[in-house]
Amino acid sequence: MAVILLSIFAGGCSMFIIRSYPEVIYNDRQPLISVTYDYGEIEVHLPLVYPRYRPEQIAFQVYSRGDTTFPLISVMQGPLDEIVLFLPHGVLDVEDSTNLIKIMPQDYDFRNFYVPFKGIGAGRIDLPVNAIDFKPLIVQGVVTLAQNDSTLSGVALSVQVFPATLARTKSDENGIFEMGIPGEFMKSPNIELIAGSNLIFKPFRQKLDYSNTKGIYQDVRIGPSKTLEGPIYLTNKKYVHFRENPDVGSDTKFLLDKGESVAVKRMTRGEYFGDIEVLLQDGKLVVFDGWVVKEDLTLMQLENIFSKESNHEPVE
């Protein structure tokens, strides 16, 4: 009886064993009878594209029926435009797409992922094109009201590399948010998280540095902090002059944006004297005092911190 056993084979560096019995084996009985078994082969074609850069090598593992404990085959290849894998028949699920190819670029900056597919008994399987791309960059955190540390839902957040907006979201019912942006921006020094554009306060802004990480946790504290004492007023327009003293022609220290918080300490007939907070890039708050024209300020009301222009809808 002649038997031919075909095992797993793939181009490139892979683990495989081939056993064959090329000669006919007789059973030494009369009449002489020989039997040959032929096993069909499965040929899997996986086209790849590289939107930006190519890793030096890519590892592939094939799993059957969703079982990722032991791969049917492991292959290491260069960054080819199409990978061809060979499998013996009968090893794949032919009913559902539970078979998996795990793609693992051998570079930390690239993402690993699975390609599910439905098997066949024998023949050729052509899979759709898959992109070998960078890992996404993640930013997540919690949005709170700085005055009392309560969490805020429905706050608009975005990640920008001016003038492009890379991602948008809103904080959930627990104040939690998460956004992913394309990994191609990992070396950019101009990535900025912006939060609270739909609130009465000046939006929170923070630069994000992904040069040494793929994920950043960033707490977002909205509005004036607990350290500001006195009644809080908000600037009601852009380019509000924050001056040294109330005299005509006094030097302007800063031009305040709309929604800037001013803790008023003294007032004259036409101007308020108070403190503002400036958030530095290292997260520290620095307090400055100065004068603001009275008509440029509105008393803060915490009953509704969402701006009228935002058309805020509460998060359920």
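Student: How much space lies in the largest pocket?
Tutor: About 840 Å³ lies there. This is a predicted model, where local features need pLDDT of at least 70 and side-chain atom pairs count only at pLDDT 80 or more, while totals for chains, interfaces and linings use all residues. Residues are numbered from 1 along each chain as its sequence is written, and side-chain values use heavy atoms, with hydrogens and water left out.

Student: What makes a space a pocket and not a cavity?
Tutor: On a 1 Å grid over the protein atoms alone, a cavity is a set of points where a 1.4 Å probe fits but cannot get out, whereas a pocket is an open set with protein on both sides within 12 Å along at least five of seven lines. The volume is the space filled by probe spheres set on the points, which are joined across faces, edges and corners.

Student: Which residues line the largest pocket closest to its centre?
Tutor: Lining residues have an atom within 4 Å of a point. There are 31 of them, and K202, P203, F204, L279 and L285 are the closest to the centre. Strand β25 gives the most, with 4 residues (strands are DSSP runs of E, at least two residues, numbered from the N terminus).

Student: Why is the pair of Y233 and Y272 called tilted?
Tutor: Rings of Phe, Tyr and Trp (its six-membered ring) pair if their centres lie within 6.5 Å; planes under 30 degrees apart count as stacked, over 60 as edge-to-face and the rest as tilted. The centres of Y233 and Y272 are 5.0 Å apart and the planes are at 55 degrees, so this pair is tilted. Y233 lies in strand β21 and Y272 in strand β25, so the pair ties together parts 39 residues apart in sequence.

Student: Why is F110 called buried?
Tutor: Buried means under 20% relative accessible area (exposed is over 50%, partly exposed in between, with a 1.4 Å probe and protein chains only). F110 has 4%, so the residue counts as buried. F134, at 9%, is therefore buried as well. Y53, F110 and F134 form one aromatic cluster.

Student: What makes R266 a charge over the ring of F273?
Tutor: The rule asks for NZ of Lys or CZ of Arg within 6 Å of the ring centre and within 35 degrees of the ring normal. The charged end of R266 sits over the F273 ring, 4.5 Å from its centre. Likewise, K135 lies over the face of Y108, at 3.9 Å from the ring centre.
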